[in-house]
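The sequence and the structure come first, and the description follows.

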Amino acid sequence: MSIDDAERSAVHRRLADAAWAAEWGRIDLQLSPLGLEAIEALELVSGQVALDIGCGAGQTLLQMAERVGRMGRVIGVDRAPELLDVARRRVAGRCEIELVECDAQRLDLPSASVDAVFSRFGVMAFDDPAAAFRNFRRILRPSGRLGFCCWRSLEENELDRLPLEAAGLESAVDPMPFSLADSQRLRRVLEEAGFDEIAIRAHDALVSSGDLEAMIPVLLSVGSLGKIVRENPSLRGIAEPRLREALAARGDPKRVSLQASVWIVHARA
(Lines give C-alpha, C1' and ligand atoms only; values in the text may rest on other atoms or scores of the structure.)
Protein backbone atom coordinates (compact mmCIF):
# COMPACT_ATOMS: atom_id res chain seq x y z
CA MET A 1 0.00 0.00 0.00
CA SER A 2 1.43 3.41 -0.99
CA ILE A 3 1.69 6.31 1.44
CA ASP A 4 -1.19 8.04 -0.34
CA ASP A 5 -3.33 4.89 -0.11
CA ALA A 6 -2.47 4.46 3.58
CA GLU A 7 -3.37 8.07 4.33
CA ARG A 8 -6.62 7.76 2.40
CA SER A 9 -7.47 4.56 4.26
CA ALA A 10 -6.78 6.24 7.61
CA VAL A 11 -9.03 9.17 6.69
CA HIS A 12 -11.81 6.79 5.68
CA ARG A 13 -11.47 4.87 8.96
CA ARG A 14 -11.78 8.11 10.94
CA LEU A 15 -14.87 9.07 8.97
CA ALA A 16 -16.41 5.66 9.67
CA ASP A 17 -15.58 5.84 13.38
CA ALA A 18 -17.07 9.32 13.67
CA ALA A 19 -20.24 8.19 11.88
CA TRP A 20 -20.70 5.22 14.21
CA ALA A 21 -20.03 7.36 17.27
CA ALA A 22 -22.66 9.87 16.14
CA GLU A 23 -25.33 7.23 15.49
CA TRP A 24 -24.48 4.62 18.12
CA GLY A 25 -27.91 4.58 19.75
CA ARG A 26 -29.79 3.91 16.53
CA ILE A 27 -27.17 1.44 15.35
CA ASP A 28 -27.42 -0.50 18.62
CA LEU A 29 -31.19 -0.66 18.24
CA GLN A 30 -30.74 -2.14 14.78
CA LEU A 31 -27.95 -4.63 15.49
CA SER A 32 -28.71 -5.78 19.04
CA PRO A 33 -31.06 -8.66 18.06
CA LEU A 34 -28.38 -10.07 15.76
CA GLY A 35 -25.60 -9.92 18.33
CA LEU A 36 -27.79 -11.48 21.01
CA GLU A 37 -28.25 -14.56 18.84
CA ALA A 38 -24.50 -15.20 19.09
CA ILE A 39 -24.25 -14.22 22.77
CA GLU A 40 -27.05 -16.54 23.88
CA ALA A 41 -25.46 -19.58 22.26
CA LEU A 42 -22.21 -18.94 24.17
CA GLU A 43 -24.10 -19.91 27.34
CA LEU A 44 -22.11 -17.54 29.52
CA VAL A 45 -22.36 -18.10 33.26
CA SER A 46 -21.48 -16.13 36.37
CA GLY A 47 -17.76 -15.73 37.02
CA GLN A 48 -16.53 -16.29 33.47
CA VAL A 49 -14.19 -14.02 31.51
CA ALA A 50 -15.42 -12.91 28.08
CA LEU A 51 -13.60 -11.01 25.34
CA ASP A 52 -15.53 -8.71 22.96
CA ILE A 53 -13.77 -8.13 19.63
CA GLY A 54 -14.78 -4.80 18.10
CA CYS A 55 -16.86 -3.76 21.10
CA GLY A 56 -17.69 -0.38 19.55
CA ALA A 57 -19.94 1.82 21.67
CA GLY A 58 -20.30 -0.82 24.37
CA GLN A 59 -23.78 -2.33 24.12
CA THR A 60 -22.48 -5.88 23.84
CA LEU A 61 -20.16 -5.33 26.80
CA LEU A 62 -23.17 -4.58 28.97
CA GLN A 63 -25.13 -7.51 27.55
CA MET A 64 -22.32 -9.94 28.38
CA ALA A 65 -21.69 -8.36 31.77
CA GLU A 66 -25.29 -9.16 32.67
CA ARG A 67 -24.47 -12.83 32.10
CA VAL A 68 -21.05 -13.14 33.77
CA GLY A 69 -22.05 -10.99 36.73
CA ARG A 70 -19.94 -8.97 39.13
CA MET A 71 -17.70 -11.99 39.77
CA GLY A 72 -16.92 -12.25 36.07
CA ARG A 73 -15.04 -9.99 33.69
CA VAL A 74 -15.67 -8.59 30.20
CA ILE A 75 -12.80 -7.19 28.13
CA GLY A 76 -13.77 -4.96 25.22
CA VAL A 77 -11.33 -4.34 22.39
CA ASP A 78 -11.67 -1.73 19.67
CA ARG A 79 -9.28 0.35 17.57
CA ALA A 80 -11.60 3.43 17.42
CA PRO A 81 -11.03 5.97 20.22
CA GLU A 82 -14.28 7.80 19.38
CA LEU A 83 -16.30 4.64 19.99
CA LEU A 84 -14.34 3.70 23.09
CA ASP A 85 -15.11 7.15 24.52
CA VAL A 86 -18.82 6.36 24.15
CA ALA A 87 -18.29 2.91 25.67
CA ARG A 88 -16.42 4.37 28.66
CA ARG A 89 -19.33 6.65 29.46
CA ARG A 90 -21.80 3.76 29.19
CA VAL A 91 -19.84 1.35 31.39
CA ALA A 92 -18.69 3.90 33.98
CA GLY A 93 -18.70 2.36 37.44
CA ARG A 94 -18.79 -1.21 36.12
CA CYS A 95 -15.57 -2.62 37.57
CA GLU A 96 -16.09 -5.94 35.78
CA ILE A 97 -15.71 -4.28 32.36
CA GLU A 98 -12.29 -3.37 30.94
CA LEU A 99 -11.61 -1.50 27.69
CA VAL A 100 -8.54 -1.93 25.48
CA GLU A 101 -7.71 0.28 22.51
CA CYS A 102 -5.89 -1.76 19.87
CA ASP A 103 -6.23 -3.60 16.58
CA ALA A 104 -7.95 -6.81 17.66
CA GLN A 105 -5.99 -9.04 15.27
CA ARG A 106 -2.81 -8.07 17.14
CA LEU A 107 -4.27 -8.40 20.62
CA ASP A 108 -1.65 -9.51 23.15
CA LEU A 109 -3.59 -10.99 26.06
CA PRO A 110 -2.15 -13.93 28.04
CA SER A 111 -2.69 -17.40 26.62
CA ALA A 112 -5.59 -19.43 28.04
CA SER A 113 -6.95 -16.39 29.90
CA VAL A 114 -10.60 -16.11 28.77
CA ASP A 115 -13.61 -18.42 28.65
CA ALA A 116 -15.34 -16.90 25.61
CA VAL A 117 -14.47 -14.75 22.59
CA PHE A 118 -17.37 -12.87 21.02
CA SER A 119 -17.85 -10.38 18.21
CA ARG A 120 -20.79 -8.54 16.69
CA PHE A 121 -19.60 -7.76 13.15
CA GLY A 122 -16.03 -7.09 14.25
CA VAL A 123 -14.22 -9.91 12.42
CA MET A 124 -14.63 -9.22 8.70
CA ALA A 125 -11.78 -6.75 8.12
CA PHE A 126 -8.75 -8.78 9.21
CA ASP A 127 -5.77 -8.76 6.85
CA ASP A 128 -5.10 -12.41 7.74
CA PRO A 129 -8.30 -13.92 9.18
CA ALA A 130 -6.75 -17.29 10.03
CA ALA A 131 -3.92 -15.62 11.97
CA ALA A 132 -6.38 -13.41 13.85
CA PHE A 133 -8.60 -16.35 14.81
CA ARG A 134 -5.51 -18.38 15.72
CA ASN A 135 -4.62 -15.63 18.18
CA PHE A 136 -8.13 -15.71 19.63
CA ARG A 137 -7.83 -19.47 20.05
CA ARG A 138 -4.53 -18.96 21.90
CA ILE A 139 -6.23 -16.54 24.29
CA LEU A 140 -9.09 -18.97 24.95
CA ARG A 141 -8.85 -21.49 27.75
CA PRO A 142 -8.99 -25.18 26.78
CA SER A 143 -12.54 -25.90 25.56
CA GLY A 144 -13.32 -22.17 25.63
CA ARG A 145 -15.93 -20.99 23.14
CA LEU A 146 -15.91 -18.64 20.17
CA GLY A 147 -19.14 -16.97 19.06
CA PHE A 148 -19.79 -14.23 16.54
CA CYS A 149 -22.10 -12.95 13.84
CA CYS A 150 -20.98 -11.80 10.40
CA TRP A 151 -22.78 -10.76 7.25
CA ARG A 152 -23.88 -13.17 4.56
CA SER A 153 -23.80 -11.94 0.95
CA LEU A 154 -24.94 -8.51 -0.19
CA GLU A 155 -27.57 -10.17 -2.39
CA GLU A 156 -29.14 -11.77 0.69
CA ASN A 157 -29.02 -8.59 2.79
CA GLU A 158 -31.89 -6.25 2.07
CA LEU A 159 -30.48 -3.97 4.80
CA ASP A 160 -27.57 -3.10 2.52
CA ARG A 161 -28.92 -3.96 -0.92
CA LEU A 162 -32.12 -1.89 -0.89
CA PRO A 163 -30.42 1.43 0.01
CA LEU A 164 -27.76 0.87 -2.64
CA GLU A 165 -30.32 0.04 -5.32
CA ALA A 166 -32.54 2.94 -4.31
CA ALA A 167 -29.62 5.34 -4.65
CA GLY A 168 -28.40 3.72 -7.88
CA LEU A 169 -24.96 3.12 -6.37
CA GLU A 170 -24.76 -0.67 -6.19
CA SER A 171 -21.74 -0.76 -8.52
CA ALA A 172 -19.61 1.11 -5.94
CA VAL A 173 -20.10 -1.30 -3.03
CA ASP A 174 -17.20 -2.21 -0.74
CA PRO A 175 -16.83 -6.03 -0.54
CA MET A 176 -15.08 -6.01 2.87
CA PRO A 177 -18.17 -6.39 5.09
CA PHE A 178 -19.06 -9.54 3.15
CA SER A 179 -15.57 -11.10 3.26
CA LEU A 180 -16.84 -14.06 5.33
CA ALA A 181 -20.09 -14.53 3.42
CA ASP A 182 -18.89 -17.81 1.90
CA SER A 183 -19.61 -20.35 4.63
CA GLN A 184 -17.13 -22.88 3.23
CA ARG A 185 -14.33 -20.32 3.30
CA LEU A 186 -15.39 -19.27 6.79
CA ARG A 187 -15.20 -22.88 7.98
CA ARG A 188 -11.74 -23.31 6.42
CA VAL A 189 -10.51 -20.17 8.19
CA LEU A 190 -11.68 -21.47 11.56
CA GLU A 191 -10.30 -24.96 10.93
CA GLU A 192 -6.95 -23.47 9.92
CA ALA A 193 -6.99 -21.47 13.16
CA GLY A 194 -7.43 -24.72 15.11
CA PHE A 195 -11.08 -24.54 16.18
CA ASP A 196 -13.29 -27.61 16.62
CA GLU A 197 -17.04 -28.22 16.80
CA ILE A 198 -17.65 -25.45 14.27
CA ALA A 199 -21.31 -24.55 13.75
CA ILE A 200 -22.34 -22.01 11.12
CA ARG A 201 -26.05 -21.21 11.12
CA ALA A 202 -27.94 -18.90 8.77
CA HIS A 203 -30.11 -16.38 10.56
CA ASP A 204 -32.52 -13.85 9.04
CA ALA A 205 -34.28 -11.07 10.92
CA LEU A 206 -36.11 -7.83 10.26
CA VAL A 207 -34.15 -5.05 11.95
CA SER A 208 -34.88 -1.39 12.47
CA SER A 209 -33.49 1.80 13.95
CA GLY A 210 -37.01 3.15 14.40
CA ASP A 211 -39.16 5.30 12.17
CA LEU A 212 -38.40 6.71 8.74
CA GLU A 213 -36.55 9.71 10.17
CA ALA A 214 -34.34 7.43 12.26
CA MET A 215 -33.51 4.94 9.52
CA ILE A 216 -32.48 7.49 6.89
CA PRO A 217 -29.51 9.04 8.76
CA VAL A 218 -28.27 5.60 9.83
CA LEU A 219 -28.34 4.20 6.29
CA LEU A 220 -26.65 7.35 4.98
CA SER A 221 -23.91 7.12 7.62
CA VAL A 222 -23.03 3.44 7.99
CA GLY A 223 -23.45 0.24 6.01
CA SER A 224 -22.70 -0.07 2.32
CA LEU A 225 -24.50 3.07 1.19
CA GLY A 226 -23.24 5.00 4.20
CA LYS A 227 -19.62 4.28 3.28
CA ILE A 228 -20.12 5.60 -0.24
CA VAL A 229 -21.85 8.78 0.97
CA ARG A 230 -19.28 9.39 3.74
CA GLU A 231 -16.45 9.26 1.26
CA ASN A 232 -18.33 11.14 -1.48
CA PRO A 233 -20.46 13.77 0.33
CA SER A 234 -21.67 15.28 -2.95
CA LEU A 235 -23.71 12.09 -3.51
CA ARG A 236 -25.86 12.66 -0.43
CA GLY A 237 -28.17 15.06 -2.24
CA ILE A 238 -28.83 12.40 -4.86
CA ALA A 239 -29.06 9.41 -2.51
CA GLU A 240 -31.24 10.85 0.27
CA PRO A 241 -34.48 11.57 -1.65
CA ARG A 242 -34.24 8.27 -3.48
CA LEU A 243 -33.69 6.40 -0.23
CA ARG A 244 -36.54 8.26 1.45
CA GLU A 245 -38.91 7.29 -1.35
CA ALA A 246 -37.86 3.62 -1.21
CA LEU A 247 -38.24 3.40 2.57
CA ALA A 248 -41.57 5.25 2.55
CA ALA A 249 -42.84 2.63 0.12
CA ARG A 250 -42.42 0.03 2.88
CA GLY A 251 -45.79 1.28 4.16
CA ASP A 252 -45.17 2.00 7.87
CA PRO A 253 -43.29 5.26 8.47
CA LYS A 254 -43.40 4.71 12.25
CA ARG A 255 -41.19 1.62 12.03
CA VAL A 256 -39.11 0.91 8.96
CA SER A 257 -37.63 -2.59 8.97
CA LEU A 258 -35.26 -4.27 6.52
CA GLN A 259 -34.10 -7.87 6.44
CA ALA A 260 -30.62 -8.66 7.70
CA SER A 261 -29.04 -11.99 6.77
CA VAL A 262 -26.11 -13.19 8.86
CA TRP A 263 -24.12 -16.20 9.91
CA ILE A 264 -24.29 -17.10 13.60
CA VAL A 265 -21.02 -18.89 14.24
CA HIS A 266 -19.86 -20.92 17.23
CA ALA A 267 -16.81 -23.08 17.76
CA ARG A 268 -14.70 -24.57 20.55
CA ALA A 269 -11.00 -24.12 21.19
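Pro253 is exposed, because its relative accessible area is 51% and the cut-off for exposed is over 50%. The model is a predicted one. Pro253 sits in the loop that joins H10 to strand S7 (258-268). Leaving aside neighbours within four places in sequence, Pro253 is in contact with Asp211 and Leu212.

**Helix H2 and Gln30**

Helix H2 covers residues 24-42 and bends by about 50 degrees at Leu31. A proline, Pro33, follows the bend within four residues. Which residues of H2 are buried? They are Ile27, Asp28, Gln30, Leu31, Ser32, Leu34, Gly35, Ala38, Ile39 and Leu42. After H2 comes Glu43, which has a positive phi, near 55 degrees.

Gln30 lies in H2 and counts as buried because its relative accessibility is 6%, where buried means under 20%. Residues up to four places away in sequence not counted, Gln30 touches Leu159, Val207, Ser208, Ser209, Met215 and Val218.

**Two helix pairs**

Two packed helices are described by the angle between their axes and the distance between the axes. The table gives these values for two pairs.

| Helix pair | Angle | Axis distance |
|---|---|---|
| H6 (residues 158-167) and H10 (residues 236-248) | about 125 degrees | 8 Å apart |
| H5 (residues 129-139) and H7 (residues 183-192) | roughly 50 degrees | within 8 Å |

H6 and H10 pack at about 125 degrees, which means that H6 is oblique to H10. H6 passes H10 in a right-handed crossing. On the H6 side the contact involves Leu162, Pro163, Ala166 and Ala167, and on the H10 side Ala239, Arg242, Leu243, Ala246 and Leu247. By class, this contact has eight nonpolar, no polar and one charged residues.

For H5 and H7 the axes cross at roughly 50 degrees, so H5 is oblique to H7. This crossing is right-handed. H5 contributes Pro129, Ala130, Phe133 and Arg134, while H7 contributes Arg185, Val189, Leu190 and Glu192. The contact of H5 with H7 has five nonpolar, no polar and three charged residues by class.

Is Ser224 buried or exposed? Ser224, found in helix H9 (residues 223-231), is buried because its relative accessible area is 7%. Not counting residues up to four places away in sequence, Ser224 touches Asp160, Leu164, Val173 and Phe178.

Pro81 is found in helix H4 (residues 81-90). With 34% relative accessibility, Pro81 counts as partly exposed. The C-alpha atoms of Pro81 and Leu169 are separated by 30 Å, and the two residues are 88 residues apart along the chain.

Note on methods
Residues are numbered from 1 along each chain as its sequence is written. This is a predicted model: local features need pLDDT of at least 70, side-chain atom pairs count only at pLDDT 80 or more; totals for chains, interfaces and linings use all residues. Side-chain values use heavy atoms; hydrogens and water are left out. Axes are lines fitted to C-alpha atoms, for helices over the stretch in contact, and angles run from 0 to 180 degrees between N-to-C directions. Helices (H or I, at least four residues) and strands (E, at least two) are DSSP runs, numbered from the N terminus. Angles under 35 degrees count as roughly parallel, over 145 as roughly antiparallel, 65 to 115 as roughly perpendicular and the rest as oblique. A crossing is left-handed if the near helix is turned anticlockwise from the far one by less than a right angle, and right-handed if clockwise. Contact means heavy atoms within 4.5 Å. Ala, Val, Leu, Ile, Met, Phe, Trp, Tyr, Cys and Pro count as nonpolar, Asp, Glu, Lys and Arg as charged, and the others, Gly among them, as polar. The bend at a residue is the angle between axes fitted to the seven residues ending there and the seven starting there. Buried means under 20% relative accessible area, exposed over 50%, partly exposed in between (1.4 Å probe, protein chains only).
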